[in-house]
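Open the model in your viewer and try each task before reading its solution.

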Amino acid sequence: MVEPVPESIHFPSEEKRILQLWKDKDCFQECLKQSKNRPKYTFYDGPPFATGLPHYGHILAGTIKDIVTRFAHQSGFHVDRRFGWDCHGLPVEYEIDKTLDIKGPDDVAKMGIAEYNRQCRMIVMRYANEWENSVTRMGRWIDFKNDYKTLYPWFMETVWWVFRQLYDKGLVYRGVKVMPFSTACNTPLSNFESNQNYKDVQDPSVIVNFPLLEDENVCLIAWTTTPWTLPSNLALCVNSELQYVKVKGEKVFFVCVTRGGATLKGKKYKPLFDYFRKCGETGAFQVVMDSYVREEEGTGVVHQAPYFGAVSISFNNICQRDQAPVCPVDSSGCFTDEVTDFVGQYVKDADKNIIKWLKERGRLVNSGSFKHSYPFCWRSDTPLIYKAVPSWFIRVEHMVEKLLENNDKCYWVPEFVRERRFGNWLRDARDWAVSRNRYWGTPIPLWCSDDFEEVVCVGSMAELEELTGVKVTDLHRESIDQLTIPSRCGKGVLRRVTEAHYPFENRKEFEDTFPADFIAEGIDQTRGWFYTLLVLSTALFGKPPFKNVIVNGLVLASDGQKMSKRKKNYPDPGLVVENYGADALRLYLINSPVVRAENLRFKEEGVRDVLKDVFLPWYNAYRFLVQNVQRLHKEDGISFLYNEATAKRSDNIMDKWIQSFTQSLIQFFKAEMDAYRLYTVVPKLVKFVDMLTNWYVRTNRRRFKGESGTEDCLGALENLFSVLFSMCRLMAPFTPFITEMMYQNLRHLIDPASVEEKDSSSIHYLMLPLVRESLIDKRIESAVCQMQSVIELGRVIRDRRTLPVKYPLKEVVVIHQDPEALRDITSLQKYILEELNVRQLTLSTDKDKYGISLRAEPDHMVLGKRLKGAFKSITASIKELKSEQLETFQKTGSIVVDGQELHEEDLRLMYSFNQTSGSATQYEAHSDSQVLVLLDVTPDQSMLDEGVAREVINRIQKLRKKGHLVPSDEITVYYSCEPAGDYLDHVIQAHTDFILATTKAPLKTYPVPKDSSVIVQEKTQLKGSDLDLTIVKGAAAPRAPLTGPACAYINLQLKLNNKEQGIFRLIIRLTELYITFGRGPTIGAPQGSIGLDLNSVFVYLNCQYPCVMEHNVGTLLLVNPVGHDYLTHNALLSETAKLFGLRSRRLKLYLDDALTQGKTDTPGPKSYFGSVSMLPSMHLGWLLARPSSAQRMGWETLS
């Protein structure tokens, strides 16, 4: 049986309960077991390092992967999901270097690689438990028991196999490359690593002179912000398109840039330092040309230190392949012995000493400082330098066209990443340096002779054993560096290259599941993992490595800065989940620009708003459904079970609308999810929550409560259940916890015969709902959309005039040029009147009838800033625009005024009334581009009084909520107004029935009986009076017993043999029942009674209910439902409730006026009505009476 749903919920606590449920049932493994025979869906997952804790970037990427793979399972695929750990590389070594105070390679050599790697191995899984807890807590389903680690020998061997394939294809060679270099970590970094941590810094700015050898009175002057590279200067670069002229200074002429063209190519100059003067013999210290030199910055002359700059190393006449690199800086960033004046100094510290040296020797022209953006090491947060290092390369440049071709075969979301960011990177691809001077990683499997003339590439552990004769069980450096391979060319032995390791080990072996159906990572991986996969896949197989890819942006701090542990500029993810829940965080991230590859400024209040705006309304709709299902069972004995195949099609237009809207959503959802466009799906799902709760449930509350009859109530509940159930299945990949929580209760309301899955104990076992296209009705969706526009425009008018919806208004006028739209609005008139609380709806196509026209005002801030001096004249022209012109502007969104094209954001449109029409004071207007709404804003006194009565109702209902009461609780409300007899007191007395009809609770004046059990009491101010309200347990006491019927007659419409006989009256006596002609009561015995053939009599109640004494006592004549000649107790309750509109309240029937007999909740029918029965063909129901007489039976409603 479905369980009651509490009024309030703490989502994080519920999520923990669901986690335990998944654990107890082993839901993820069961999910995999159920799908094992389905088609496979594969995805590659870049594994994280376990040396740090997960951050929002990890959470975002993990959530995207979880959503897509859950959707794939729901769509009928089998999706293996194994977690991986990147156990190698710089992050691990950096942690050890910090812990053991290791400064460089010498310290590692003293310790020994074996001990160093042993220390690394000890910490690689330092935060594994925290990672597993975090990933699990976020609701991601992935296998941790059968995980993989990049330090496993089988994984490292796979890496060797890949490298061997590249080597055999002739794609591996050795060379020198200038690379971003971390002096703190003693290693080169890839370009994408160097781009991860740019900072604005102040660096030295110097201009230095270079005298020409042909005339030392003429100097070239060059500008640099890296004085430490000047000792390694080998050339100067100018642009042949620029004109260089001599400018006379105090002592000599300097060459600087203006315009035009000139050539200085080949001119030689005097070196700054003598450290590498011999290089002049091979072409150094001369002027070279390149177009990258610009006139916008510097002097137009660029100083070249080729082995410290990626651009300048390409000058082959200066830097020869067979010459020793001019790179006098070691891996710690200190000058080596060649630079005798600054040997041992860290290059950044040496800047000031070099500037001093230049000044003393007359080579310094100017010095200062310069602020610019500079790369820092992403691990050590220290400045990077660019430095030439020996490296093993993979040839890439020759296959750029093939890379672009394969990239075009991949489906990118968003598409612009493929075309622009990634495509541009591929077009400029250079040969790929794969070396890293590290220790803890997969070694490059190359064994070389001392002169590098003989090279052997090993592709497996078995091959290495065969070549070395040594058993191999591990592939880390400490296990294989000492192994040698005999030379086949008489070069002694070949030793493994020790200066580098291979960086691909953190990529899951893709050859087993190639190509992947799906991958997803951040936009920073366009130069990282995405590039790695595409290059390897193209080189090895000639194909793209993946079919579909989602690229997410970066999650930044709320101020737009990079999230920093040191700055503490972002909330802890664990605390956010603890406060708001994982579902809220998931939906916040996915419903943001970050899924469109844009950056997100993370704001904790955004997560909170997901709870307030999405989850709570959704939860309340679910709670409302369960409440009314339980009420239906309690009051009518009907056990609700939903079966899609047998559910009746409703004729109610709002039922049809929500079903159509739901099916349209399912259709859209499948299409967009198949296209991996999460950023279009989530806004639609969020909007659907609003449509369901604020429109469908809100406008049909009375139907759900049964006020329009059992059958209609059942149909409405079936519709609501169907929609909620579909919504849960759609939302399950996005919000796995709340959907599971709801489903665990809702599944008890599903007819077992309708369940297709063998095991349906979790919503995540279920397939997506099929689209029921027959339920899609775009005309109804359009009609409701028109209705919503009218209501929302009316609400804006009420807000503008500060007229709360509680206060009724006379009329709403809807003006639309499309008659079909007006017909749509007419079909939904009931809802418009209720939602706007107006008495009358008037439709028209003629706004002139109401004397209304459009006028425009400029947005002074927007247009003033844009138009500046022309603003004043255009303002005058804007005010002269005709209503017809502005109507066109409303439709098109643009208009040309005095040659300036203006748009929606530039103008404010307002409606004005013709003062002679009389509408100006009566109506207020508002519109969108389609419909114009006029609201009569002149309420009369009766309407104002009703509004105050609604205020009283609002106070009572809020007080009920404060007392934690539910609708079925029996209560009585007592009130007092001070001063007595004032306006508020009169309004309450005049509207007692109105208040009672809504609150369904007896309303009585003070004093509160002493023996009453008070639930809650509150004193409040309303309309200048003190309103004191007290709610007590139990309904009000009954009136004094009556001696006869409460009313003398009831008007009836009588048919004999299907022929109307006119209006009759029913006369009630204590023991007799007569039907006579006429409308008035009969005194004494009825005369002229007609004889009736009871087998052909059908009696219908008149539209007027029985005349009731004092509004709450009456004698009731019921009509049996057709075919039901004997009513059970529950059926009688149901029929009575229909007549009094009490479907949402509990009704009790009693045998006596004292309300003492018959208080049992479920009495047997014979104890009340055993002696009363009807002829089989007579459908005139029974008098509400004792079994043996026609006396009145008391009735009582309980709120």
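**Exercise 1.** Find how the axes of helix α20 (residues 678-699) and helix α24 (residues 778-800) are placed, and which residues meet.

*Solution.* Start with the axes, which come within 13 Å and cross at roughly 95 degrees. Axes here are lines fitted to C-alpha atoms, for helices over the stretch in contact, with angles from 0 to 180 degrees between N-to-C directions. α20 is therefore roughly perpendicular to α24 (65 to 115 degrees; under 35 is roughly parallel, over 145 roughly antiparallel, and the rest oblique). Next, look for contacts, meaning heavy atoms within 4.5 Å. From α20, M691, W695 and R698 meet M787, Q788, I791, E792 and R795 of α24. Sorted by type, the residues of this contact are four nonpolar, one polar and three charged. In this sorting, Ala, Val, Leu, Ile, Met, Phe, Trp, Tyr, Cys and Pro are nonpolar, Asp, Glu, Lys and Arg are charged, and the others, Gly among them, are polar.

A word on the model: it is predicted, with local features needing pLDDT of at least 70 and side-chain atom pairs counting only at pLDDT 80 or more, while totals for chains, interfaces and linings use all residues. Residues are numbered from 1 along each chain as its sequence is written, and side-chain values use heavy atoms, with hydrogens and water left out.

**Exercise 2.** Which residues of helix α28 (residues 871-879) are buried, and what do they pack against?

*Solution.* Buried means under 20% relative accessible area, with over 50% exposed and partly exposed in between (1.4 Å probe, protein chains only). By that test, F871, I874, T875 and I878 are buried. They cover an arc of only 110 degrees around the axis, so they lie on the same side of α28; the arc is that of the directions from the helix axis to the C-beta atoms. Their packing partners are β28 (852-858), α27 (860-867), β29 (894-897), β30 (900-903) and β31 (907-913).

H860, L863, G864 and L867 of α27 make the contact with F871, I874 and I878 of α28. The residues of this contact divide into five nonpolar, two polar and no charged.

**Exercise 3.** Work out the strand order of the open sheet containing β14, and find the helices that pack on it.

*Solution.* The order is β14-β23-β22, with parallel pairing; two strands pair if DSSP finds at least two bridges between them. β14 (411-413) and β22 (519-522) are the edge strands, each pairing on one side only. β14 is joined to β23 (residues 548-552) by three bridges, and V413 has I550 as its bridge partner. Helix α3 (residues 56-74) touches β22 and β23, its direction making about 150 degrees with that of β23. Helix α12 (residues 415-427) touches β14 and β23, at about 100 degrees to the direction of β14.

**Exercise 4.** Why is strand β33 (residues 932-936) largely enclosed?

*Solution.* Five of its five residues are buried, so the rest of the structure largely encloses β33. L932, L934 and D936 lie on one side, V933 and L935 on the other. In a regular strand, side chains alternate between the two faces of the sheet. Finally, check the neighbours: β26 (residues 809-815) pairs with β33 in the antiparallel sense over four bridges, and I815 stands opposite L932. β32 (residues 923-927) also runs antiparallel to β33, joined by five bridges, with Y923 partnering D936.

Technical notes
Helix = DSSP H or I, 4+ residues; strand = E, 2+ residues; numbered from the N terminus.
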